[in-house]
Amino acid sequence: MTTPFIDATFGPERLDGALGDPEELEPEPDTRTFEQFRVTALLVAHDGERWLPETLAALAAQERPPQLVLAVDTGSTDGTPQLLSAALGSSAVLTRPRDTGFGPAVAHAVDSLAGAVTHTTGPASGVVDWLWLLHDDSAPDPAALRALLAVADASPSVAIVGPKAVGWVDRRRLVEMGLSIAGSGRRETGIERDEMDQGQHDGQRDVLAVGSAGMLVRRDVWDALGGFDPALAMFREDVDLGWRANLAGHRVVVTSDAVIRHRVASSAGRRRPDAVGGRVHRADRRSALHVLLANAGALAVVPQYLRLALGSLLRALGLALAKAPGEALEELEAAASVLLRPAAVRRARRDRRDTRAVPARAVRPLLAPPWSGARHGIETLRGLAAGRTLVSTSAGSVLEPGPVSDELDEMATGSGWLRALLSRPGTVVLLGLVALALVAFRGLVLGGGPLSGGALLPAPGGASDLWAAYLAGWHDVGTGSGLAAPPYLAPVALLATALLGKAWLAVDLLLLLAVPLAGLAAYLVLGRLVRARWARVAGAVGYALLPAVTGAVAGGRLGVATAAWLLPFTGWAVLRAFGVGRAARPSWGAAWGAGLLLAVLTAFAPVLWPLTVLAGAGLLLLGAPALGWARLGVVAVVPPVLLLPWSLRALHEPALWVLDVGATRVGAGSPTAWSVALANPGGPGTPVWWVTGGLLLAAWAALLRGDRRRAGLGAWVVALVGLGAGLVLSLLRVTPAPLGVEVPVWPGAATLLGGAALVSAAVLGAEGLRERLAGHHFGWRQPVAVVLLVAATAAPVLLAAGWLARGAGDGVLARGAGDVLPAYVVASSQTPSRPRTLVVAVDTEGRASYALVAGSGRVVGDADVAPPASTVAALGPVLADVLGGRADEPAVAAMAGYGVGFLEVADPAPDRVVRAVDGVPGLARVGAVQGAAVWRLLPAGPRVRIERPAAADVPVKADATAATTTVDTPVIGGAAGRTLVLAESADPGWWATLDGTSLSRAAAFDGWAQAFTLPAGGGRLQVGHRAAERVGWLLAQGVLFVAVVVLATPGRRRPTEDDA
Amino acid sequence: MRLTRPFAVLLAVAAVLGGAVAVTAAAQPVAPTAASGSGGATVPVERLTLVCPGAVTRADVQQSYVTAISPGGGDGTLRVEALGAAADAKPLLAAPASRPDGPVTLRYPVPAAGPSTLVVQATGALARGLTADVSVRASAGPARGRSNVSCTAAQPDAWFVGGGATVGRRSALYLSNTDATAATVDVTVFTPTGAQQPAAAQGVLVPAGQQRVLALDALVPGTAATAVAVSSVSGRVASALADVVVNGLDPGGVDWVPPSVGPARSLVIPGVPGDADATSVLQLVAPGPADAVVHLRLLTAEGSIVPLSIDTLQVPAGQLVEVPLDKVKPQGGYAIEVDADQPMVGGVRTVRAGEYPDFAYTAAAAALPGAAAVTDVEASVRVSTVLLLTAPGDTDVSATLTMLPPAGSKPPTVPKPVTVKVPAGRTTVVQLGVSGYRVAAVVTPVDGAGPLYVAWLTTEQGPRGPLITGGPVVASPATMQVPAVLPDPMAGLGAG
């Protein structure tokens, strides 16, 4: 693969003669001997007996041999010293201690050279001394030295020449062709991972540095620069030397005419690098940081310092996540040892100042471009997507679930990608369902305002609002509530953030793409159960259009709609944790991963947690693999733990487990038992009950297949759990606290699970049916099979047709159907009295319902934290009087006690009611929006007030814009017996101080409002709500989440011996 | 489990699922629990405040009474006090705490000096069906005549068809606020040329506990006939419209315009006198944006009559249309049934000729909701009071009629309750009165028979011409509909 930017980086100025094909330029064998150059080869060896013979042979076979060969053995314990002595003679072998690094070893050899060999330096003498550095695992080609010298000969300004390094075993693998360094300190070779050498990098060009294996360096330059930096025990000394040479005004050139085979043994972990005590990573990072700081331009040092500090932290975090805690620690150690000891860096910079001849910017073109880091990140992601993770895939990973990566790989690779995409059934399913969804959403795709209706409240202004709702310890909903926010808000907020903060788009996509994504998910997961594509396609479409899915979309049930495409993956993850399924090995990591996925699924559809565990237990009863129950335990425990403190709240409010997330509406009916048994939960967006009959029939008949009976039975166990639970749920009547009345439970999530299992069973039964039937004589089987097939395939077709006919919204979902509060009401909620709006809806039969609304209206997530109906129950009779037109001032005062500043009768406001309310003294009509009518309360109810015995209340100014009621204002003294009343639900989190002294809590005012006893004196009054508890939970949740992710991530793969 | 028997497994699965369905189907409630139920409840009225506007011109008044009758009696309080009186002030008149069972009547003679606008307050059972009115008789002076005005509760809006603003005519709109908060109203005047909203009558502020009087001749000077709509912007007022006519220096009659029921496509205007010397004019307004086509029917003692030439009328939107009824004079009183394709309001003005004429109004009324009192029944040689009962429906309607003894005195004879039968589609006229006494009557429609509209009419043969007054019998309801109101965090957010 060509990478154009590498040429631009590494070779802006190609040397003449290096262009074009070298074969053409050099038709004759080169016989030049370059007598004016005296070359001393320095070979450093360390436990290298495996490679040394070849290296020595290659050295001996040089067409233009070096004048002198000197070897340094750094305390090898194997046969290295013997090999060296045998080849070079013992006088040419120096010995150093075992912990000597490459740089010091070379330095030692050069020092000894000064005594052993007489030479004169400088061009004046006519003879130029060169040092040729070699590793024990690098074997130069016979022509290598001559080619290097040819470059030196051609240009006197060249001080360092390097060869092209290729693989030791596989010469076609390119290892190195010049070096640079990235901003992170990463050693940049400009070569892709496993890149094949097809001559694409060939030529000769100026580079920042060349690798030390095969590096030819002019002796006088070496001496002037002081050789390798002694501060670098290992790694980057070559980069550093080249950088310094460049800064000193010399040229560093790499040429592909010289080739060296290099094993790169030390940094690849193939031998223990004793010079750094075996801690390769630390040494690597240490050197990287040191080199960057030592060579950076004067102005760049401080930014570079900060960048490296932050980068090191992030890298350590990433390594910890990748389950390499040792490396993470070494990363931090390295950073600390460099960054916390600026003296060493300062010394190194001072040394370099003496030799510097050109400004730092002159070298900048040779450095890796700043975006190379981003490019590496993208490549890593691409690698992940393609299934070759950099971390590991030994047992699969939840971050990269098996079924997805294969398919994405299938889809994304190869040429003619569009044609390839379209020829993939999975893609066709996805695109087809997207088209179907767009038609079904006709009229809802575009339009004013966010989607809402049914269980769905409108999306708030931006992702930050969603985050705030999730993170806040107090919600300004109704009379205010400190309930734990529903956990599904976090993933939705995350999605909204990814969509550049567009919360409405996140909600739109979750609903619009629910059916297509469910189809894709089912197609991918079914691929793990069966191979037959047509069965997978039919099954995927059938699953995507299950009544539970279309019903969830129409009813604005964000939870079940999202669960529809999370469920197949979660199911597959659970199966894999058990070791069920194609080519899966059970693993603890998979169990943690399944638990993690189930936690996300539970956040969206709580009832699926017990049902999944129950279904898992059912499967284990069919035949438990070893450790199956323990793994099920992990899967079962992770969701409630990760969803703390919401799961704690659900313990007290069991209704939360069976109700859908979002709003629960009054007035829904229950589906019939038959419809539930056919995986149809009833309600808007669902077809007539018999449409899914064919699916049940086909799934049932699948049990007839002997070869698939075990899988079929497994699917049926899950189906019976799901459908059975659906039947039980359809009988349930629960009382959600915010409503205070009994409502039936929508069994959508349960029928989704049951339907998924039915689809699986039917697909299992259908696969390979033709071959099996062909094996039988014609009899009852063939006609029955045909009938069943028609019935089973009719279901998806009928479901799709029904969906299109009804439309995705089915009269429930609409755009812009949220709160429409006039601008002055919204603006007024940002004043110190923070008035609420009492929204009343009157239906055609004269029934009325009411809600307290703060700010600009209700948004996603508000319904999940709404306080109990009991807090506002006292408003009912008051409102009955108001709507009946016979209320007077006390009624208005009662409303004001709830912090109400405005009364809105929502669209359509019946004229009779409007006239009646008009006549209520203390209510002044202030205008209407879109068929609604709005009145202002005179006087409006303040959020905070002082109740005085036998005297009028005193409103207290609250912070106008704070999300939670806060007060910081002076109050004057008054009679004893005053009470400070917040129009907020009583909650232990509220605190109030007067001149710093805590006020004692009074009994809940009117049975619901937070009150404090106010002493007679005045002073500075401060009121607020403590968020410490919520923060603690969130931190714990974050830590637990990271822990589970780490546990779910498979361990780091150890490099194997022969991948070079 | 042995997996070798496919059919056994098949049947087992089917049995499990089928069994579960059967059990569920049996356990499911037959009827849906939610979504049904009434839209509210009917509760007895517990409190009622009625405003009795003052006399039109005080100096000329010889007799002025406020009469309040609670026909059912029972526990509770009933008192008369001045508008704007402090909450703890002593009432002008109050029902005794201990009293015999049966109807409670308060009769307060309004003194010549003192507050003219009074408030009748009732609580408990005495608030149910409470009726109060002011009756005024002046035998001389510019305001010579008999007049009568029902005390009304404050309403968000009120309609009056009557009044005028020509020279010598003084119509005045009385706006009274009994609440502790100021009220603001808009007034629209409908004239023969169209609806007018004089700037001076928009956003009229009525301070708490006070009364504002708007003279129509200042709002729409020169208009011969008017209809007035009072619409509250905030708060509520009790409104009343008085009409006084002076011909030069001679009195031309006086009365209050009873409120018409709110715009409706079908109206019944009861109590139109049928006397030979009476001149009645039907006044109709279609206050909506569209012209109305109106069909009239007269419900007389003889049966229903479709009056030729005026049986079908065009009423342009917003214009007051006057229909003289002098071509049709059925014997006795009658009622007018109005059927229109647009919502209408309407009333009838009747002038009795004499040396000094007097006039009376009636207006489109609501069917009697239950027992209703006729507060001022006077009968003597010169004074007669009649009750006109109209049953516009397809069935005969019966009502009982009880005469009440005057407060504080025992009448020599108290008639027993009598039952009056009103044939379908007809008006029955009943002569009321115990000679020499001012008494009251309670008319109670028999349950479930059909709508019954009742009006009354008092005629005094004065020496210089008759003095008349009358109007529809109205009753405060004993019960009221309370909407079912439930908390719902999703209230007002689109479809459920």
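**Close-up views of a predicted two-chain model**

**View 1. Chain B against chain A.** In this predicted model, 71 residues of chain A are in contact with 55 residues of chain B. The size of an interface is often given as the accessible area lost when the parts come together. Here chain B and chain A bury about 5,200 Å² between them, and 65% of that area lies on carbon and sulfur atoms. The number of salt bridges between chain B and chain A is zero.

**View 2. Helices H31 and H32 of chain A.** H31(A) covers residues 709-731 and H32(A) covers residues 748-766. Their axes lie 7 Å apart and form an angle of about 155 degrees. Angles over 145 degrees count as roughly antiparallel, so H31(A) is roughly antiparallel to H32(A). The two helices, H31(A) and H32(A), cross in a left-handed sense.

**View 3. Helices H23 and H32 of chain A.** H23(A), residues 558-578, packs with H32(A) at an angle of about 25 degrees, the axes being 10 Å apart. Angles under 35 degrees count as roughly parallel, and H23(A) and H32(A) are therefore roughly parallel to each other. The crossing of H23(A) and H32(A) is right-handed. Val560(A), Ala563(A), Ala564(A) and Leu567(A) of H23(A) make the contact with Gly748(A), Ala749(A), Leu752(A), Leu753(A) and Ala756(A) of H32(A). Eight of these residues are nonpolar, one is polar and none is charged.

How values were computed. Residues numbered from 1 in each chain as written. Chains lettered and ligands numbered in written order. Predicted model: local features only at pLDDT ≥ 70, side-chain atom pairs only at ≥ 80, totals over all residues. Heavy atoms only, no water. Axes fitted to C-alpha atoms, helices over the stretch in contact; angles between N-to-C directions. Helix = DSSP H or I, 4+ residues; strand = E, 2+ residues; numbered from the N terminus. Parallel < 35°, antiparallel > 145°, perpendicular 65-115°, else oblique. Left-handed = near helix turned anticlockwise from the far one by under 90°. Contact = heavy atoms within 4.5 Å. Buried area = accessible area lost by both parts, 1.4 Å probe. Salt bridge = Lys/Arg side-chain N within 4 Å of Asp/Glu carboxyl O. Nonpolar A, V, L, I, M, F, W, Y, C, P; charged D, E, K, R; others polar.
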